[in-house]
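Have the model open while you read.

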Amino acid sequence: RERPSRGARGAREGSEEYIKIGRKLYVGNLSYGTTARALKEHFAKAGSVTSAVILMGSDGRSKGSGLVEFSSAQEAFSALRTMHDTELDGRVIQVREDREG
């Protein structure tokens with residue numbers, strides 16, 4: 001994968017300087033009460049979401065994070081830029097490329 005010299009948030013909109021990332025994003029700092037449906041609806045503002053899951057611990061409780069997958073890498077990149085530091089269920093969420101995917 002290509003990486004930017006200035007980071008994803010440093011790239012100018014409309015420039016070819018943005019990075020090519022995968023279609024999946026990691027979302028952190030979620031409320032323990034956030035559902036996959038709420039996560040999907042929140043990220044649908046940024047593009048076509050193909051899946052959204054809340055990561056669960058072995059005890060069956062939310063880990064406070066999730067994964068959102070988009071239909072294209074361009075939509076994922078747009079979501080990364082526009083959804084990072086937005087509020088969902090009373091919490092300011094953190095968004096980055098999924099390192100596992």
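This is a predicted model: local features need pLDDT of at least 70, side-chain atom pairs count only at pLDDT 80 or more; totals for chains, interfaces and linings use all residues.

Let's start with how far apart in sequence the contacting residues sit: among contacts in the chain between residues at least 6 apart in sequence, 61% join residues at least 24 apart, where contact means heavy atoms within 4.5 Å. Residues are numbered from 1 along each chain as its sequence is written, and side-chain values use heavy atoms, with hydrogens and water left out.

**Layout**

The chain has two helices and six strands, and from the N terminus on they run β-α-β-β-α-β-β-β. Both kinds of element are DSSP runs numbered from the N terminus, with helices being H or I over at least four residues and strands being E over at least two. Of the 101 residues in the chain, 41% are buried; that label means under 20% relative accessible area, with exposed being over 50% and partly exposed in between (1.4 Å probe, protein chains only).

**The sheet**

Four strands make an open sheet in the order β2-β3-β1-β6, with antiparallel pairing. β2 and β6 stand at the edges with a single partner strand each, so one side of each has no neighbour in the sheet. On average, neighbouring strands are turned by 25° against each other, direction ignored; axes here are lines fitted to C-alpha atoms, for helices over the stretch in contact, and angles run from 0 to 180 degrees between N-to-C directions. Two strands count as paired if DSSP finds at least two bridges between them. Here are the pairs:

| Strand pair | Bridges | Sense |
|---|---|---|
| β2 and β3 | six bridges | antiparallel |
| β1 and β3 | five bridges | antiparallel |
| β1 and β6 | four bridges | antiparallel |

For landmarks along β3, Ile54 stands opposite Gly66, Val27 has Gly66 as its bridge partner, and Tyr26 stands opposite Leu67. Over in β6, Gln94 is opposite Gly28. β3 itself is mostly covered, with eight of its nine residues buried. In the hairpin of β2 and β3, five residues lie between the strands, and Gly60 takes a positive phi near 85°.

**Helix α2**

Which residues of α2 (residues 73-83) are buried? They are Ala76, Phe77, Ala79, Leu80 and Met83. These cover an arc of only 160° around the axis, which puts them on the same side of α2; the arc is that of the directions from the helix axis to the C-beta atoms. The buried residues pack against β1, α1, β3 (62-70) and β6 (94-97).

**The core**

In soluble globular proteins, nonpolar side chains tend to be buried together. In this model, the largest nonpolar core has 20 residues, of which Leu25, Leu39, Phe43, Val68 and Phe70 touch the most other members. A nonpolar core is a set of buried Ala, Val, Leu, Ile, Met, Phe, Trp, Tyr and Cys residues joined through side-chain atoms within 4.5 Å. β1, α1, β2 (49-56), β3 and α2 each supply at least two residues, and α2 gives the most, with five. Phe70 is worth a click: not counting residues up to four places away in sequence, Phe70 touches residues including Arg23, Leu25, Phe43, Val49, Ala76 and Ala79.

**Thr34**

Is Thr34 buried or exposed? Thr34 counts as buried because its relative accessibility is 5%. The residue sits in the loop between β1 (24-28) and α1 (36-43). Its side chain makes a polar contact with the side chain of Asp89 at 2.8 Å. That term means a pair of N or O atoms within 3.5 Å; within protein, one must be able to donate a hydrogen and the other to accept it, and residues adjacent in sequence count only if both atoms are side-chain atoms. Leaving aside neighbours within four places in sequence, Thr34 is in contact with Leu39, Ile54, Leu88 and Asp89.
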